Amino acid sequence: ARFEVLPCATPQEAWSRLQEGPVAAVVCDNAEPTHWLRALAELRAEQVGRFPCPVVLVATATNDAVRRLARQLGAAGVWTPPFLVDDLRAHLA
């Protein structure tokens, strides 16, 4: 499958895009200063419910704390180096 990539400048812009219509997935980080995943989770909490599509956290390292945080914030998984497309697809299935 092929996907169109729509970059968003802020978590709020990404949330607005999610409300506009079908989105296959959101791929974001949770790094300083924006904490995208946390911001999206807070916006989702205001609406009550789940994300309308898989959300995947991009992290440079994986460990139990990162995986736990991703789950707590509603992410479908954590995508880590070497950032293989097949690994990303596995989180979207």
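Me: Where does proline 82 lie?

Reply: Proline 82 lies in the loop between strand S3 (77–79) and helix H4 (85–92). Helices (H or I, at least four residues) and strands (E, at least two) are DSSP runs, numbered from the N terminus. This is a predicted model, in which local features need pLDDT of at least 70, side-chain atom pairs count only at pLDDT 80 or more, and totals for chains, interfaces and linings use all residues. Residues are numbered from 1 along each chain as its sequence is written, and side-chain values use heavy atoms, with hydrogens and water left out.

Me: What kind of peptide bond joins proline 81 and proline 82?

Reply: The bond is cis, with omega about 10 degrees. Another cis bond runs from glutamate 32 to proline 33, where omega is near -5 degrees. Proline 33 is in the loop between strand S1 (26–28) and helix H2 (36–47).

Me: Why is phenylalanine 83 called partly exposed?

Reply: Buried means under 20% relative accessible area, exposed over 50%, and partly exposed in between (1.4 Å probe, protein chains only). Phenylalanine 83 has 32% relative accessibility, so it counts as partly exposed. This residue is in the loop between S3 and H4, and its phi is near 55 degrees, a positive value in a residue other than glycine.

Me: What makes histidine 35 count as partly exposed?

Reply: Its relative accessibility is 25%, so histidine 35 counts as partly exposed. Histidine 35 sits in the loop between S1 and H2. Its phi is positive, near 45 degrees, in a residue other than glycine.
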